[in-house]
Amino acid sequence: MKGMLRLALAGLLALAAGGTTQANDALKAKIGVLRLSSSAPVFIAQDKGYFKEAGLDIELKFFDAAQPIAVAVTSGDVDFGITAFTAGLYNLAGKGTLKVIGGMSREKAGYPLIGYFASNNAYASGLKTPKDLAGKRVAVTQVGSSFHYSLGLLADKYKFKLADVKVLPLQSLSNAAAALKGETVDAALLPVSTARPLMETGGAKFLGWVGDETPWQLGAVFASPKTLTNAPLVTKLLAALVRADREYHDVILASVKDGKAEINDRTKPLLEIIAKYTNLPVEQVVGNCAYIDPDGKLDVKNVGNQIEWLQEQGFVDKGFSVDAILAKEYVKAD
Amino acid sequence: MPSARFFMLERPAQDTRSDASEAPRPVAFRGEGFTPRAGRHSGWIALAAVIALWQLADSAGWINPLFLPPPSAIAMAMWKLATSGALWQHVYWSVMRIGSGWIIGTIAGIIVGFAIGLSTLARSVGITFISALFPIPKIALLPLLILWLGIGEEPKIATIALGVFFSTAISVYSGVDAVPRNLIRMAQSFNVPFHAIVRRVIWPGALPSILAGFRITASVALLLVVSAEMIGAQWGIGAFVLQAGNLMQTDQLLAGVVILSLFGLAVGKLINMLEARLLHWR
């Protein structure tokens with residue numbers, strides 16, 4: 001009987017949704033995302049129909065790097081972008097071609113995302129903790145990337161100079177992993193998904209997680225100024241995302257222990273959705289759950305710090321601050 | 001167009017007929033054309049016109065400067081780079097890598113190319129290997145090159161040398177193949193020793209095609225410096241271009257590209273001089 005009632009309710013909802021979409025001529029939008037679990041709420045909202053219920057017709061466009069998403073938002077190929085902050089994104093935002101409207105994944109203690117890894121030789125000769133990275137040769141993907149910034153935060157925390165570290169940009173994760181395995185660098189910053197196969201085959205040693213050492217706001221939701229003129233679209237999209245953020249936080253993140261989410265009756269359906277969109281088996285998804293604020297809040301103070309750091313390093317053009325790149329009417333500050 | 005061609009074909013026939021009946025009449029010289037020469041100034045004038053139009057389009061606001069920065073912004077970025085001293089570091093490292101990679105690749109390519117051109121065994125084995133290995137994109141091999149050679153200068157130079165090697169080997173053996181056989185036969189009939197035939201007949205005969213190959217390989221080396229400097233380079237024009245791309249600093253990106261094309265122009269001039277010196281007998 002309850003099932004019948006639920007069905008009827010769903011039918012009514014669908015009808016109502018159909019009604020609203022007709023009235024609004026269906027608010028269509030494209031979101032650019034990466035196939036990473038740090039965008040999990042987007043996948044949940046899409047798969048469970050939260051966007052549709054909000055009267056939105058959302059198409060997901062998948063990219064294979066963070067930078068092109070920011071470029072695609074600027075050029076109008078996608079309406080919204082959800083990915084990590086990069087120096088390139090700030091440079092575009094500084095020119096006013098996109099604005100941040102909400103928070104996404106974060107580096108937070110207890111939720112492994114990016115880690116510091118040592119080569120076997122370097123580990124054997126005394127590189128045992130992240131603090132020891134001072135003065136070492138460290139591989140990152142690109143200058144001004146999340147990995148580079150994480151290293152900068154670590155340098156601030158342990159009071160060593162980033163200039164003392166030899167930062168080697170190798171352009172891709174596979175190159176960085178190869179350099180670590182081939183003992184040509186002492187250490188590398190890698191995401192857990194790249195590092196796990198390396199550790200399992202004995203190609204690298206684990207030093208620590210960035211989230212445990214220096215938590216920071218990794219990802220965000222952003223849109224072009226043109227998209228922002230469509231207030232109903234932005235409001236509905238953010239509401240649907242927050243609904244998914246909340247569910248992801250309460251179900252999956254609440255079950256994380258020792259860096260891994262539990263697989264049980266409650267978490268399994270959501271984990272399967274994430275697995276479907278990231279093309280990973282559920283067993284790998286559980287160890288790869290980025291922390292996301294349940295209310296979609298953004299750590300504005302940290303974003304300001306990121307911009308200042310990148311400007312200091314010369315990676316981001318000077319002359320703008322965090323206020324210039326936020327769409328204040330939408331951002332919920334932490 | 002076809003009708004014009006027919007007309008030209010029919011013309012001589014008409015002429016012969018008219019020759020028979022009338023007195024010979026003056027005919028304009030027809031042996032002109034088909035000898036293009038590079039004008040001294042027209043290339044630069046065209047370049048200046050394009051740059052002026054580009055600047056105009058940007059200052060008039062027809063183009064978003066983020067998508068295509070104006071020439072003035074690119075010049076500004078280059079000026080900043082030059083005054084900060086970073087430019088010379090970048091140029092020094094890139095020239096070092098391009099130079100050593102090109103020289104290693106060229107020497108190996110000439111040796112292998114001559115071997116293929118002169119020996120049956122080397123030909124049958126060599127051509128197979130070159131055809132199989134030439135089309136492999138060197139960028140796809142970067143992780144392997146890092147494992148084999150580390151991230152020092154070796155993999156960067158190896159990337160360039162590999163790209164240069166295959167093109168050189170191919171242009172050398174086609175050059176050797178193109179040396180007129182009757183010249184070789186004549187030398188043989190005068191009982192000239194093998195090494196002298198190679199040095200006095202085949203080498204000068206193949207040289208024009210080898211130098212044409214240099215033109216291509218020099219550009220290949222410039223193209224590959226960007227991929228080579230993907231491997232953990234802190235300095236170098238390629239590294240600079242990559243970093244500017246990663247950071248979406250489009251004016252600096254284009255400044256790096258302009259420096260690379262200036263390299264290309266300089267190398268082209270250098271090869272012109274080399275051709276003038278080595279091929280003066282032509």
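1. Starting with the sheet that runs 2-1-3-12-4 in chain A: five strands, open, with mixed pairing. Strands here are DSSP runs of E with at least two residues, helices are runs of H or I with at least four, and both are numbered from the N terminus; two strands pair if DSSP finds at least two bridges between them. Strand 2 (56–63) and strand 4 (99–103) of chain A sit at the edges with a single partner strand each, so one side of each has no neighbour in the sheet. From one strand to the next the twist averages 25°; angles run from 0 to 180 degrees between N-to-C directions, with axes fitted as lines to C-alpha atoms, for helices over the stretch in contact.

2. Before going on, a caveat: this is a predicted model, in which local features need pLDDT of at least 70 and side-chain atom pairs count only at pLDDT 80 or more, while totals for chains, interfaces and linings use all residues. Residues are numbered from 1 along each chain as its sequence is written, and chains are lettered from A and ligands numbered from 1 in the order in which they are written.

3. Back inside that sheet, strand 1 (residues 27–34) and strand 3 (residues 80–84) of chain A run parallel and are joined by three bridges. If you want a spot to look at, A:Gly32 stands opposite A:Gly81 in strand 3 of chain A.

4. Which strands does helix 4 (residues 66–75) of chain A lie across? Strand 1, strand 2, strand 3 and strand 12 (219–223) of chain A, with the helix running at about 155° to strand 3. Helix 12 (residues 231–252) of chain A lies across strand 1, strand 2, strand 3, strand 4 and strand 12, at about 50° to strand 1 of chain A.

5. Chain A has another open sheet, also mixed in pairing, with five strands in the order 8-7-9-6-10. Strand 8 and strand 10 (205–209) of chain A are its edges, each pairing on one side only. Here the twist averages 30° from one strand to the next. Strand 6 (residues 114–118) and strand 9 (residues 187–191) of chain A pair in the antiparallel sense over five bridges, with A:Tyr116 opposite A:Leu189 in strand 9 of chain A.

6. Two helices pack on this sheet. Helix 7 (residues 146–157) of chain A touches strand 6, strand 7 (137–140), strand 8 and strand 9, its direction making about 145° with that of strand 7 of chain A. Helix 8 of chain A touches strand 6, strand 7 and strand 9, at about 140° to the direction of strand 9 of chain A.

7. On to the chain A–chain B contact, which takes 24 residues from chain A and 16 residues from chain B; residues are in contact if their C-beta atoms, placed from the backbone, lie within 7 Å. On the chain A side, helix 5 (87–94), strand 8 (166–169) and helix 8 (173–181) of chain A give two or more residues. Helix 8 of chain A has the largest share, five residues.
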